[in-house]
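Here is a short briefing on one protein chain. Keep the sequence and the 3D view open while reading.

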Amino acid sequence: MIQLILYFVLGVAVVGTLSSAVFLGLAVLGVIRFHADARKQLRSIPDDAHLPPVSVLKPVHGLEAQLKENIESFFRQDYPNFEILFAADRADDPALEVAREVSTRYPHIRARILLAAGSWPNPVVYSFHCMAEAAAHEMLVTADSDVEVDPRYLREIVPPLLDPKVGMVTCVYRGKNVAGFFSGLTAIGMSVEMTAGVLVANLLEGMKFGLGPTTVVRKDSLASIGGYAALQDYMAYDFTIGNLIEKAGYRVVLSSYVINHVVNQKSFLHMWQNQLRWAQTTRYSRPKGHLGTGLIFAMPYGLFGFLAAGLLKHWSLGAILLGVAVLNRLVEAWLVGWTVVRDAAIRRAPWLYPLRDLLGFAVWFASYLKLRYVWRDSRFELKGARITLRQRSSDSQ
């Protein structure tokens with residue numbers, strides 16, 4: 001019986017090794033398409049006279065890592081006409097004082113601060129709703145407070161929306177680690193694992209979703225789905241807005257621009273909770289795709305194969321399976337993490353990604369075991385893709 005179990009595990013390892021190799025092949029094609037699309041987008045950027053005015057919507061919550069630098073990067077845009085709106089759900093949120101301080105150094109840029117204290121299940125979506133209602137311009141750029149950009153950000157992400165058939169633009173991102181080892185595992189997962197999944201999805205079916213750190217919409221495409229009110233109880237609002245806009249008949253475009261997503265997770269528990277929250281939202285947003293994600297990891301199958309083959313006295317086969325898995329992850333790290341998002345951590349410590357691959361598999365497995373989690377200072381419970389409970393930590397004490 002033990003021998004049968006070991007052969008079964010070995011068979012699973014072989015299948016997983018092959019499926020992860022197929023995914024790597026698709027990632028190669030996805031990278032080729034990304035670079036081809038990027039060249040077209042960069043050639044089509046118009047001059048200043050034809051760039052539309054833009055409203056940047058930025059919700060804030062607390063003193064996040066590198067907050068001042070993140071905010072200031074948006075004031076340094078090489079763009080002819082834009083405004084920046086900030087919103088928080090509490091007037092005494094310390095992040096608002098940082099926004100005020102930075103904005104005073106750029107008096108030539110219009111900046112406004114709003115209070116968005118609503119009762120929607122997803123408070124971030126309510127902030128977007130309030131800012132969109134107050135925005136002076138038709139082009140709306142949403143950007144999280146943990147996002148850092150360079151001066152060409154607006155100039156590169158906005159032009160695709162000049163095509164009336166395009167309803168939304170979104171961006172991939174590289175993780176920027178500011179807190180140590182565990183934070184680095186999350187950051188490299190953003191740069192490689194997340195980006196690879198997006199590139200393969202774009203290759204196989206086109207973009208049918210958005211990515212939270214940045215989306216760009218026009219007010220008409222947003223109105224076609226019922227505005228932000230249609231997203232008020234979705235946890236994965238970024239996925240949902242792109243999905244609804246695509247279903248409304250518009251195209252969703254993946255921009256060639258890559259942003260920095262600042263990661264500040266100082267402990268294993270903090271890192272694990274964030275990873276699990278993201279995995280659970282994906283599980284309900286794209287259930288079939290999330291289930292299939294279990295077959296794209298390489299390292300778990302390499303280790304299973306090494307152990308099972310070894311116990312069956314086939315050490316050479318086990319070593320081959322493990323070696324193929326390690327090589328697979330190193331190639332994917334370089335291909336996606338360096339040639340696409342230019343993450344310097346890939347060059348300094350490429351071994352981190354095979355380790356991250358093991359963590360990703362553990363998080364994927366755990367995403368099927370838990371339905372309640374903490375985000376910011378609130379506890380959430382999901383029913384499908386929708387939030388059914390939002391309770392502040394202070395309310396439960």
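Two strands count as paired if DSSP finds at least two bridges between them. Strand 6 and strand 8 (251-263) meet that condition, with ten bridges in the parallel sense. Within this pairing, threonine 170 has leucine 254 of strand 8 as its bridge partner. The model is predicted.

- Eight strands form an open sheet with mixed pairing, in the order 3-2-1-4-7-6-8-5.
- Strand 3 (110-115) and strand 5 (147-148) stand at the edges. Each has a single partner strand, so one side of each lacks a neighbour in the sheet.
- Strand 1 (residues 54-59) pairs with strand 2 (residues 82-88) in the parallel sense, over six bridges. Leucine 57 has leucine 85 in strand 2 as its bridge partner.
- Strand 6 (residues 166-177) also pairs with strand 7 (residues 214-218), here in the antiparallel sense over three bridges. Threonine 170 stands opposite threonine 215 in strand 7.
- Strand 6 is mostly covered, with ten of its twelve residues buried.

**Helices across the sheet**

- Helix 2 (residues 67-75) lies across strands that include strand 1, strand 2 and strand 3. Strand 4 (139-143), strand 5 and strand 8 are also among them. Helix 2 runs at about 150° to strand 2.
- Helix 4 (residues 123-134) lies across strand 1, strand 2, strand 3 and strand 4. Its direction is at about 150° to strand 1.

**Nonpolar cores**

- The largest nonpolar core holds 101 residues. Tyr153, Leu154 and Tyr228 have the most contacts inside it.
- Helix 6 (residues 181-205) gives the most to this core, with ten residues.
- A second, separate core has six residues, including Leu10, Ala308, Ala309 and Leu321.
- Leucine 154 touches Val54, Val56, Gln77, Tyr79, Phe82, Val141 and Pro159, leaving aside residues up to four places away in sequence.
- In soluble globular proteins, nonpolar side chains tend to be buried together.

**Helix 6 against helix 12**

- How far apart are the axes of helix 6 and helix 12 (residues 315-338), and at what angle do the two pack? The axes are 8 Å apart, and the angle is about 85°.
- Angles of 65 to 115 degrees count as roughly perpendicular, so helix 6 is roughly perpendicular to helix 12.
- From helix 6, Ser191, Val192, Thr195 and Ala196 take part in the contact. They meet Glu332, Ala333, Val336 and Gly337 of helix 12.
- The residues of this contact divide into four nonpolar, three polar and one charged.

Terms used: Residues numbered from 1 in each chain as written. Predicted model: local features only at pLDDT ≥ 70, side-chain atom pairs only at ≥ 80, totals over all residues. Heavy atoms only, no water. Core = buried A, V, L, I, M, F, W, Y, C linked by side-chain atoms within 4.5 Å. Buried < 20%, exposed > 50% of the residue type's maximum accessible area, 1.4 Å probe, protein only. Helix = DSSP H or I, 4+ residues; strand = E, 2+ residues; numbered from the N terminus. Contact = heavy atoms within 4.5 Å. Axes fitted to C-alpha atoms, helices over the stretch in contact; angles between N-to-C directions. Parallel < 35°, antiparallel > 145°, perpendicular 65-115°, else oblique. Nonpolar A, V, L, I, M, F, W, Y, C, P; charged D, E, K, R; others polar.
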